[in-house]
Amino acid sequence: MKTKTAPLFGFLIACFHALALPAQDTAKPSEAAKKPPTKEILAIVGGDIITVTRERIRGGTILVEGGKITAVGQDVKVPEGATTIDAIGKTVTPGFVAVDVGRMGLATGGGSSSDRNAKVFDTLDPFDRNISLGLGIGITTACVEMRSGGSGFARRGVSDGFPITERFLGFDPDLEENDAIVETAQRDYGPFVSLCKCCGLPIIPTEPIENTPEAPATQQKSVVIKMSYGKLDGMLVGESAFLDMTPGSMSGALGQYSWREQIAKAKKYLLDQAAHEKVIASGKKEQPPRKPVSDEVLRLVKREIPLRIAANTVSDIRDQIQLSKELGYKLVLTGAAEAWVIPDELAEAGTEVVYTPRRRRAPRFGEEQSSGTWIEMSRILEKTGVPFALTALSNAMSLDGIAGRDLSSLPLEAAFAVRGGASEKTALAALTITPAKMLGLEKRIGSIEVGKDADILLLDGNPLDYRTYVETAIVNGRVAYKRAEVRVLPVYSK
Amino acid sequence: MITAPVAQAATMILKRAAKWFVPGGRGSCRTQAKRFISFALPFESQADRCPSAARLSNAWVHCSLVAFSLLLLTSPQLAVAEDAKPKLAIHVGKVLTCVGEPIIGGTILVSEGKIEAVGKTKDIKVPEGYQEFHHPDAFAMPGLVEAHAHVGGSGDLNEMVYQTNPELRNWDQIIPHNDQLKNAIAGGITTICFIPGSGTNMGGWGTLMKTGPGKLSDIIIKAPGVLKIAQAGNPERQDGELGSGRGGMNYVIRQQLIEAQLYVRQWDDFKAGRTKAEPPMNLRLEYFKPLFHREIPVVVHTQIYQVVQSTLRILHDEMNLKVVIDHGTFDSYKLTEEILKRDIPIMVGPRGFYFDRDHGQMRGIVAEYANRNAKALGVNTDSPVVPQEELFFQAAMAVRYGWNEEAAVRGVTIEPAKALMIDHRVGSLEKGKDADIVITTGSIIDPRNHVKQVFIDGKSVYDTQIDRRRF
């Protein structure tokens, strides 16, 4: 595409010039000529377009202008001067939305605390190699935790190759080093993980289902970013798409009491605030009420964002559903290992689920038919009408996840959802429009429709076929990844 | 590789369990480790309940080890049909025999636990009295064969008093049809090579066994089935001890093998009448007889170029053993030409990828072997490092990274069967072989498909129309 762009560029300027001229200040034609065209048109031509929300379009064309989709269809004409991407023989889908990428190397400064005053924008690194890894598996939007992270394997590789090879070139039985690796693995995959010392793979044993231990009510912060490799503009989409709470913070009577109290305070504050605004509007002076809770909690009470919290056992899930109904907020459950046992209760409460079909948890002894994970959960949730988004086995973006059991792949989880009995349509939606809705971004991302962000994947096959590769990823209307050039994944001809 | 249970249980966990798993944990380190082990290896607790395991330990008390082992040696095929094995006719949309072309619209006849006939449905007449199964939209394929597994029984896979442990055998640890094997069946695996860990350079003798239910005598295909050798990595010792580096490790391996070679020669000479005095029996060296007679292979935990080189030179060139490169990962593919010269089968896993610095990109290891014309090529899980039921997924990953799909189907069936020298029994759907048949909703290499029904030795052991789906 690059090669095509160059000769077209002059022509494009001419076109724009001609079009824009009447609107320009005719007294300064020379300046207008100097000004580069602000809007380049990109045409993706001939692909088999899976729009997700509408009909599939075979041999269709997508026009992109200013980072947005301006036309989709079989009869769309490519305007002169548009940069064309040939998509004949390719499958075209919206970019995937990862709702739960714990860490992917946002904070370049290191450190582990999520300083509430830190400016997210200052920490973004658009050249982070993890972004390419994400794009390689189709992720164009990710909701990431606001703290330092990624296991670092890929990020540090920018200057000196992938350190993963140094670490796993052969064996590194040096114990201190292994301790550090295990620590990283546990941070990325959870406390039960150890690392195979001979091949360096994380060993993820079947997790026991245990009641969540109590924990202080700490709030975690997440941000939504676009994987706009190489470009900071448009990378940060928004902050706090969810109110994230640590799983243990609402377990136990005291935890639940303090949560109810927080919500009550927030509701009272909103009433006080409304009253205060009336007073101000009437021209009187008054001290504004003091804000007793965080902005996120207020947004939760206003139903602008959902609460996102991990709950795995039936009992924990019921607790959360009960609280959400009683206090009137939207709920997104992560983990949700046993959601298949009580799908009707989730559907009735409008609860949504983020889960990993490949994760397996052992059932409790004597309750083999009604506890633990079950492969058929996807079928059950689809049938009952519980919306679900999928997340990968590892929520860290790193080479480690790719090299082992492929712990980072979203389409693979969708394939396992199909294995469990969900339709391909629902499984693809679980990577696109369903998580987009959870993030409150369904008007911008999650499908190929006119007016939406041009986050588009060109694939060499069905998106749910594990053999399929992302050939080209377009983010905000710009090509951000080309498999053949980036080479974070093997390149070979089929 | 031994590592999962072994390194966890034996070294890492004992040292660090309290710190890792129970922050501010109660009780001693040892207690915590025990608690962890019992959760990580659920079958340990079943040992008490398992009748065949109990029977086996009684047998231990009453029989001498020698008698038992000689019995096993002289009758490798222990399977004795006790239950009446039904006569079956299985009709499917497509049969992947793993020898020759797939059969569209095929029928498999089974009787006495063996395959009686395989062919097009129209060509096969079903005799009377056969129970018929109809899966018109499904595929049939041979049961999957795992070349490197540690989930066949209790987790005590490593005893690490000596640097080499040919005195150890693992069929005393088998728990037939344990929870992990049940899951394995739901993933289509019907045969595993259950081996000791790689805690030492020579972990002991492994068993080739079926995953289905039954007595030990029903499920064992061959015992001893393989010798397990680990040439680097896990068996490395502390700095300064013999075996802390590759020099020392390969010395102890060679020293042990040469001692064994002399022992086997003494016996061979005696049996052939070349010597008169019967050599003294040495329990520690007894099972080397089938190994040096090339009746069973040595599966070598070997990986990376340098170590595979030692495998070829020492175990093949010097000792003339039947060698299987097992758990062969990293850049060992660069040695393909040398491996092919020696006709050695290659099993890759659990790590299927390697970052090639010279060319700055990730490579699929199996694909790299295949590109260099390796045919005797398969994948292994090293369960429980990768869950046993995900054997198909090791192949799926290899295909994603450039392997041919037909080769991948062979790479989880006939190729490991040949490598383990049991291809006369398992690994393909052919007349006379064990009726280990897996019915899937499509190609098993595609994760969207799943296993519908599994037959082992002609008996249905998993049927999603009756049983709850497990995977």
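**Exercise 1. Domains of chain B**

Which residues does the domain assignment of chain B give to domain 1 and which to domain 2?

*Solution.* The model is a predicted one, in which local features need pLDDT of at least 70, side-chain atom pairs count only at pLDDT 80 or more, and totals for chains, interfaces and linings use all residues. Residues are numbered from 1 along each chain as its sequence is written, while chains are lettered from A and ligands numbered from 1 in the order in which they are written.

Step 1: domain 1 of chain B is assigned 47-57 + 144-426, and domain 2 is assigned 80-143 + 427-471; such bounds come from an automatic or database domain assignment.

Step 2: between the C-alpha centres of domain 1 and domain 2 of chain B there are 28 Å. Contact joins 32 residues of domain 1 of chain B to 26 residues of domain 2 of chain B, two residues being in contact if their C-beta atoms, placed from the backbone, lie within 7 Å.

Step 3: on the side of domain 1 of chain B that touches domain 2 of chain B, the elements that each supply at least two residues are S5 (144-149), H5 (179-186), S6 (189-194), H12 (391-400), H13 (405-410) and H14 (414-419) of chain B. Helices (H or I, at least four residues) and strands (E, at least two) are DSSP runs, numbered from the N terminus. H12(B) gives the largest share of that side, 5 residues.

**Exercise 2. Confidence**

Over which residues of chain B does pLDDT stay under 50?

*Solution.* Step 1: pLDDT is the predictor's confidence in each residue, from 0 to 100; its mean for chain B is 84, and 82% of the residues of chain B reach 70 or more.

Step 2: the stretch with pLDDT under 50 is residues 1-82 of chain B, for which the model has 117 contacts beyond four places in sequence. Where pLDDT is low, the predicted coordinates should not be read in detail.

Step 3: for the model, the scores are ipTM 0.82 and pTM 0.83.

**Exercise 3. The seven-stranded sheet of chain B**

In what order do the 7 strands of the open sheet in chain B stand?

*Solution.* Step 1: the order is S3-S2-S1-S4-S15-S16-S17 (chain B), with mixed pairing; two strands pair if DSSP finds at least two bridges between them.

Step 2: at the edges stand S3 (114-120) and S17 (459-463) of chain B, each with a single partner strand, so one side of each has no neighbour in the sheet.

Step 3: S16 (residues 451-456) of chain B pairs with S17(B) in the antiparallel sense over 4 bridges, and Val454(B) stands opposite Tyr462(B) in S17(B).

**Exercise 4. Backbone details**

Which peptide bonds that involve Pro224(B) and Pro384(B) are cis, and where does each proline lie?

*Solution.* Step 1: the cis bond between Ala223(B) and Pro224(B) has an omega of about 0°, and Pro224(B) belongs to strand S8 (residues 220-230) of chain B.

Step 2: the bond from Ser383(B) to Pro384(B) is also cis, with omega near 10°, and Pro384(B) lies in the loop between S14 (377-379) and H12 of chain B.

Step 3: His177(B), a residue other than glycine, has a positive phi near 55°, and is found in the loop between S5 and H5 of chain B.
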